[in-house]
Amino acid sequence: MRYIFKFPDIGEGLEEGTIVEWHVEKGQSVKMGDSLVTMETDKVVTAIPSPRDGIIAAKFGKVGETIHVGSALVEIDMEGVEGEAAVAEVNKPEAVEEEGAGVVGTLEVAGNSAVLSASKEGVSNTSSDSNKTVKVFATPVARALAKESGIDINNVKGTGPAGRVTKDDILRFATDKSKPATSISSSAVSLPASENLVEIEPLSQMRKTIARNMIQSKHNAAHMTVFEEVEISELDRIRKKYKEILSQNGIKLTYLAFIVKAVALSLRKFRALNAEIDMEKGNMIYKKYYNIGIAIDTPKGLVVPVIRNADKISVKEIASQIQEISDKARDGKLTLDDMKDGTFTITSYGSIGGLFAVPVINYPQAAILGIGRISKRPVVKEDAVVPGLVLPLSLSVDHRIADGGETARFVNSVMDYLAEPVSIIMD
């Protein structure tokens, strides 16, 4: 019998993925668990394993194409499965079919050489004595650039493999005045021969997801932001004292490790900041575990891996985990497990620049804490003006979940821990 395997929903709101690489060919034998195809999803690359033993009878989709969850990926011919056994196979629940769909690999996306199947703007009719159509094959970047530049891609001669149109072909066509550029839109503006005024790149799955999540957060959460400052000279003294000791073990002790711990301990006291709201069922969900997401800037976009049970581990262990997930993020090796089940998020933009911000909540979480640039300034201590180290804080909360009073008390708790870091180990 033949079994059609569909792109499975592997969680975290996944709706679609882009084919990065096929690992099988038609007619190839596969075993359950063998990698069929590598897909670029929201923030990671996912290797999709085979759910059955058999022979690949058909593949659906080419490298560079976007496949939606529930769409067919492969058709597997399961030899020797007939009769009652075939019925049992067909009736197996979807969960079995998705089992083992793990996340591996790096964030490698299809580049200029990836080829999409021809779409309507890449099809031209042949002479009247034939009803056949000629499909113009082109890379995704080339196709997008042609659209943006008002160029009919049918008029562009491809120089890529098998005559495929590449980005360079489009750019050459746009700047070569001897070519009859066919305008798709009367409002399209031709690029000057001397320079290219724009560079077009298709949205990556990561950028699509960031945009979608930001809109969802702003539409569904009632944002309110509180700004505060805390003097952290004592924290700085302790960090410097243990920084050298931990560095001998390869651990980088940052301010962020202390902030994560202070936030986790404070969340235990103010449950509304570690909650989410279910409007459909009319429930408030208070979480009794404290998984702190850390927003990390990478070349491909923002990712938010999670420090789990941060209230139960030491500052030293938090520092080690921050270093580990940061390295994985920048190397494109994060998995879905690294990023799921966060209950609260911290974004540290101060290391790049900026004192205060209005962070966008990582929906459906209740709050996000922004960390600004630490600066040395005059502060008042015991009625005397002395040099101090000041850390700006920006806390955005979902006002449907957390009231102003509880929000302010939470911020005060975080500030108390940071101002007197010994209290972190005494709590």
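**Stop one: a pair in helix H4**

Select Arg-172 and Asp-169: they sit three residues apart in helix H4 (residues 167-175), so about one helical turn separates them. Keep in mind as you click that this is a predicted model. Show the two side chains and you'll find a salt bridge, with N to O at 2.5 Å.

**Stop two: across the sequence**

Next, pick Glu-16 and Lys-208. Their side chains meet in a salt bridge too, 3.4 Å from N to O. Color strand S2 (residues 16-22) and helix H5 (residues 205-220): Glu-16 belongs to the strand and Lys-208 to the helix, so this pair ties together parts that are 192 residues apart in sequence. Glu-16 is buried, with a relative accessible area of 14%; Lys-208 counts as partly exposed, at 27%.

**Stop three: from H9 to H8**

Now select Asp-338 and Lys-328. They form a salt bridge whose closest N and O atoms are 2.8 Å apart. This one links distant parts of the chain, with Asp-338 in helix H9 (residues 336-339) and Lys-328 in helix H8, ten residues apart. Asp-338 counts as buried at 16% relative accessibility, whereas Lys-328 is partly exposed at 23%.

How many salt bridges are there to look for? The count comes to 14, so keep exploring if you like: side chains of opposite charge can pair when their charged atoms come close.

**Stop four: H7 against H8**

The crossing of H7 past H8 is right-handed.

Which residues make the contact? On the H7 side, show Leu-256, Ala-257, Phe-258, Val-260 and Lys-261. On the H8 side, show Val-315, Ile-318, Ala-319 and Ile-322. Color them by class and the contact of H7 with H8 has eight nonpolar residues, no polar ones and one charged residue.

How values were computed: Residues numbered from 1 in each chain as written. Predicted model: local features only at pLDDT ≥ 70, side-chain atom pairs only at ≥ 80, totals over all residues. Heavy atoms only, no water. Left-handed = near helix turned anticlockwise from the far one by under 90°. Helix = DSSP H or I, 4+ residues; strand = E, 2+ residues; numbered from the N terminus. Contact = heavy atoms within 4.5 Å. Nonpolar A, V, L, I, M, F, W, Y, C, P; charged D, E, K, R; others polar. Salt bridge = Lys/Arg side-chain N within 4 Å of Asp/Glu carboxyl O. Buried < 20%, exposed > 50% of the residue type's maximum accessible area, 1.4 Å probe, protein only.
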